[in-house]
Amino acid sequence: MSLVTKNNPIRVMLVDDSAVIRGIFNRVISSDPLLSIVASASDGQMAINNLKRNDIEVIVLDIEMPVMDGLTALPIIMMENPDIQVIIASTLTKRNAEISIRALTSGAKDYIPKPESTKELYDNSFQYELINKIKALGEYRRKKLIQKNENSFSLSARTNSKDSLFNDTKSTISHSKKTTFHLRKASISMPDIIAIGSSTGGPQALSNLLKSLSKEITLPIFITQHMPPTFTTILAEHLAKNTNIACKEAQDGDLVEKQKAYIAPGGKHMIVEILNNQKRIKIIDSPPENYCKPSVDPMLRSLSQLYGPRVLTIMLTGMGSDGLKGSTLVVENGGTVLAQDEASSVVWGMPGAVTHAGLCSAVIPLTEIPLKIHSLLFRSVA
């Protein structure tokens with residue numbers, strides 16, 4: 001059941017030095033009755049001051065501003081209220097991409113490109129993306145606060161109550177809320193490749209996952225992270241610098257090699273095909289799938305066709321259900337799907353979709369995924 005209603009809309013603050021941009025975002029956001037603009041600011045310092053006067057849930061934060069820029073304001077905002085969800089808004093420049101990736105790995109949860117023309121403003125895909133990202137993060141914030149309050153109440157009850165029967169009852173209630181899912185056995189074939197899909201919250205999840213992978217794992221890794229052009233280039237550079245994996249933005253014709261991770265370029269789809277008896281990456285400019293470009297589904301379709309049961313798919317945090325059709329094909333061809341669990345996901349859309357469809361062999365916290373990958377490759381198939 002949704003925690004967001006017309007009587008209790010998500011409370012949003014817009015932070016941008018351009019009154020025009022604030023006006024554009026305001027019109028789009030205000031068109032949805034489940035969202036409410038409660039504050040507006042033209043620089044980072046004003047935004048911080050607004051936190052004391054307004055109960056804000058989601059911030060759409062510009063990067064370049066006078067007085068205090070977005071990157072400077074972000075850690076202060078997170079210190080003032082760690083539960084606030086921040087969406088970075090910037091133009092598609094290399095400099096802004098670098099700053100935005102830093103922000104996404106430092107507490108911001110998602111990114112939205114600023115419309116560069118009137119045509120983009122009235123593009124349904126822009127409005128869909130902005131509204132749904134705010135909704136997803138607002139819902140996530142409310143769920144986390146409920147969970148935090150329940151945990152605090154449970155801890156307080158166990159600490160203060162001398163009635164063991166009461167404590168036993170609370171334990172039973174807590175356990176009864178856990179949802180169980182149908183899990184399937186992993187493939188009996190050892191994986192030859194790893195395929196990862198991610199979106200909202202993905203940059204930080206990818207960084208944490210790749211950092212934690214054992215150096216013994218040398219399989220090629222294919223990653224589709226929902227991001228625009230330029231940003232995927234910077235993301236690949238960031239991951240290459242901060243993990244043990246040689247990451248690169250995939251280019252048309254790249255030879256598939258071990259010990260490398262290939263990231264689908266923004267605005268294009270990444271698939272793998274055989275050319276002259278060699279597996280090579282092909283970058284295609286076909287229409288978006290699931291409102292996404294790059295999309296996880298084309299990647300998984302091609303990998304499943306080439307590798308069959310030797311595909312290990314990992315679905316990380318992300319909005320929507322991109323990757324569901326591709327994961328279904330992976331399983332039908334004998335491959336294995338793992339999903340990040342709801343508690344550790346920023347948005348449990350993509351991993352939740354494959355979980356509810358009964359496609360997963362494990363639904364586990366992000367921190368446990370590296371060990372699970374290792375066990376599938378080197379120990380027993382669980």
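Trainee: In β13, which residue is the bridge partner of Met-315?
Mentor: In this predicted model, strand β12 (residues 311-315) pairs with strand β13 (residues 336-340) in the parallel sense. Four bridges make up this pairing. Within β13, the bridge partner of Met-315 is Ala-339.

Trainee: Which are the edge strands of the open sheet?
Mentor: The sheet has seven strands in the order β8-β9-β7-β6-β12-β13-β14, with parallel pairing. From one strand to the next, the twist averages 20°. An edge strand here pairs on one side only, and the two are β8 (246-249) and β14 (362-364).

Trainee: What angle does the direction of helix α9 make with that of β8?
Mentor: Helix α9 (residues 231-242) packs on the sheet. The strands that α9 touches are β7 (221-225), β8 and β9 (260-263). The direction of α9 makes with that of β8 an angle of about 175°.

Trainee: At what angle to β13 does helix α13 run?
Mentor: Helix α13 comprises residues 369-378 and lies across β6 (193-198), β12, β13 and β14. Relative to β13, helix α13 runs at about 165°.

Trainee: Are α2 and α3 roughly parallel or roughly antiparallel to each other?
Mentor: The axes of helix α2 (residues 44-51) and helix α3 (residues 70-80) come within 10 Å and cross at roughly 5°. Angles under 35 degrees count as roughly parallel. The two helices, α2 and α3, are therefore roughly parallel.

Trainee: Which residues in α3 do Gly-44, Ile-48 and Leu-51 meet?
Mentor: By class, the contact of α2 with α3 has five nonpolar, one polar and one charged residues. From α2 come Gly-44, Ile-48 and Leu-51, and the residues they meet in α3 are Ala-73, Ile-76, Ile-77 and Glu-80.

Trainee: How much space lies in the largest cavity?
Mentor: Rolling a probe the size of a water molecule over the atoms shows where empty space is left. Searching the whole structure finds one cavity of 30 Å³ or more. The space in the largest cavity is about 50 Å³.

Trainee: Which elements each supply at least two residues of the lining of the largest cavity?
Mentor: The lining includes Leu-14, Asp-16, Arg-22, Phe-25, Asp-62 and Lys-114. By class, this lining has seven nonpolar, no polar and four charged residues. The elements that each supply at least two of its residues are β1 (10-15), α1 (19-30) and β3 (58-62).

Trainee: Which element gives the most to the lining of the second largest pocket?
Mentor: The second largest pocket has a volume of about 930 Å³. Among its 36 lining residues, the closest to its centre are Pro-113, Glu-129, Pro-228, Tyr-291 and Lys-293. The lining divides into 16 nonpolar, 10 polar and 10 charged residues. With five residues, the element that gives the most is α6.

Trainee: What is omega for the cis peptide bond that joins Lys-293 and Pro-294?
Mentor: Most peptide bonds are trans. Pro-294 lies in the loop between β11 (278-284) and α10 (296-307). For the cis bond joining Lys-293 and Pro-294, omega is about 15°.

Trainee: Where is Val-67 found?
Mentor: Most residues other than glycine have a negative phi. Val-67, a residue other than glycine, has a positive phi, near 65°. Its place is the loop between β3 and α3.

Methods:
Residues numbered from 1 in each chain as written. Predicted model: local features only at pLDDT ≥ 70, side-chain atom pairs only at ≥ 80, totals over all residues. Heavy atoms only, no water. Axes fitted to C-alpha atoms, helices over the stretch in contact; angles between N-to-C directions. Parallel < 35°, antiparallel > 145°, perpendicular 65-115°, else oblique. Contact = heavy atoms within 4.5 Å. Nonpolar A, V, L, I, M, F, W, Y, C, P; charged D, E, K, R; others polar. 1 Å grid on protein atoms, 1.4 Å probe; cavity = no way out; pocket = protein on both sides within 12 Å on 5 of 7 lines; lining within 4 Å. Points joined across faces, edges and corners; volume = space filled by probe spheres on them. Pairing = 2+ DSSP bridges.
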